[in-house]
There are 2 protein chains.
Amino acid sequence: MTTSIDLLKSYNLTVTPQRLEIVNVLSSYGHLNVDKLYALLKSTFPSISLATVYKNINTMIEKNFLSEVKLQNQKNVYELAKETHSHIMCIECEEILDISIDISSFFKEVTTKSNYNLTSSNIVFNGVCQKCQLL
Amino acid sequence: MTTSIDLLKSYNLTVTPQRLEIVNVLSSYGHLNVDKLYALLKSTFPSISLATVYKNINTMIEKNFLSEVKLQNQKNVYELAKETHSHIMCIECEEILDISIDISSFFKEVTTKSNYNLTSSNIVFNGVCQKCQLL
DNA sequence: CTAAATGCAAAGCATTTGCAAATAT
DNA sequence: ATATTTGCAAATGCTTTGCATTTAG
């Protein structure tokens with residue numbers, strides 16, 4: 001079993017209580033924007049600074065520990081880095097899901113059509129989740 | 001032949017010289033961020049205000065005349081709205097290409113897996129363009 | 001003991017707003 | 001004639017920076 005401590009260390013990140021809590025809340029909530037992350041951290045560390053949150057997000061992204069997801073009409077959200085995957089956002093309740101779809105055929109098609117040497121992709125689907133469809 | 005004037009009118013946008021020039025530069029350049037758009041407009045309208053550029057971008061997006069593309073490590077860019085398509089960005093020279101790929105099979109797969117009622121998608125591939133591969 | 005992170009306040013950008021004058025319909 | 005847009009300046013908001021103090025390794 002990998003602890004959050006080991007996880008941070010494996011990405012060359014100094015372990016601090018604030019960072020451990022970032023790992024905690026991100027693993028519970030999945031995707032959070034800066035403000036929500038800050039609000040959640042505040043409940044554990046009342047004196048935490050927004051600057052600390054920003055600094056941590058930035059270093060964690062640099063070290064590929066976090067990834068940033070850009071959404072339509074929404075602030076960017078952050079998640080613990082994992083294997084390549086896509087996202088679906090509900091345009092009503094803003095819920096965000098991870099989804100694994102095999103995009104290798106796209107990669108091939110796009111490579112052929114464009115002659116680009118592809119390195120990554122950002123794929124977000126927008127729609128209405130089941131819960132919101134019933135409202 | 002549809003003039004830029006008719007085009008703006010068809011989207012219920014008041015026609016002004018500044019807006020016509022926005023259409024011009026976007027149709028020549030394809031994708032522009034706020035600053036580049038402002039710089040280009042300045043050469044035709046030296047006294048144009050950045051605020052005007054922002055206001056126009058916002059109303060044009062509201063009326064679905066423009067669309068906004070969010071890129072990794074880059075400022076958002078704007079393009080004249082067209083049929084659904086994806087983008088490829090060169091991570092070296094920042095060139096952006098439109099690319100049409102048939103994503104209907106994905107839509108189906110994602111719908112089935114998520115039970116979301118999908119309305120749109122934002123798909124950006126990142127890579128190195130052919131020119132930059134040779135440098 | 002040295003390097004890195006934290007928290008605060010200030011600085012720096014990006015974007016929006018309010019308003020008077022100009023322009024579009 | 002009325003409604004909208006423009007351009008300016010000010011205001012707002014978001015993110016980063018500098019620095020003294022604290023904490024991690």
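**View 1. The open sheet of chain B has 3 strands, in the order β1-β3-β2, with antiparallel pairing.** This is a predicted model, where local features need pLDDT of at least 70 and side-chain atom pairs count only at pLDDT 80 or more, while totals for chains, interfaces and linings use all residues. Residues are numbered from 1 along each chain as its sequence is written, chains are lettered from A and ligands numbered from 1 in the order in which they are written, and side-chain values use heavy atoms, with hydrogens and water left out. At the edges of the sheet stand β1 (32-33) and β2 (66-69) of chain B, each with a single partner strand, so one side of each has no neighbour in the sheet. Strands here are DSSP runs of E, at least two residues, and helices are runs of H or I, at least four residues, numbered from the N terminus; two strands pair if DSSP finds at least two bridges between them.

**View 2. β2(B) meets β3 (residues 77-80) of chain B through 4 bridges, running antiparallel.** Look for B:Ser67, which sits opposite B:Glu79 in β3(B).

**View 3. Helix α2 (residues 17-29) of chain B lies across β1, β2 and β3 of chain B.** It runs at about 100° to β3(B). Helix α4 (residues 50-62) of chain B packs on the sheet too, touching β2 and β3 of chain B, and its direction makes about 105° with that of β2(B). Touching means contact, with heavy atoms within 4.5 Å; the angles run from 0 to 180 degrees between N-to-C directions, with axes fitted to C-alpha atoms, for helices over the stretch in contact.

**View 4. Where the chains meet, 39 residues of chain A are in contact with 39 residues of chain B.** On the chain A side, A:Phe106, A:Tyr116 and A:Phe125 lose the most area to chain B, together 22% of what that side buries. The area buried between the two chains is about 3,300 Å², with carbon and sulfur atoms giving 58%; that is the accessible area (1.4 Å probe) lost on putting both parts together, summed over both. There are 18 residue pairs in polar contact between chain A and chain B, both residues at pLDDT 80 or more (N or O atoms within 3.5 Å, one able to donate a hydrogen and the other to accept it; residues adjacent in sequence count only if both atoms are side-chain atoms). β6(A) supplies the largest share of the chain A side, 12 residues.

**View 5. β6(A) and β6 (residues 117-128) of chain B pair antiparallel over 11 bridges.**
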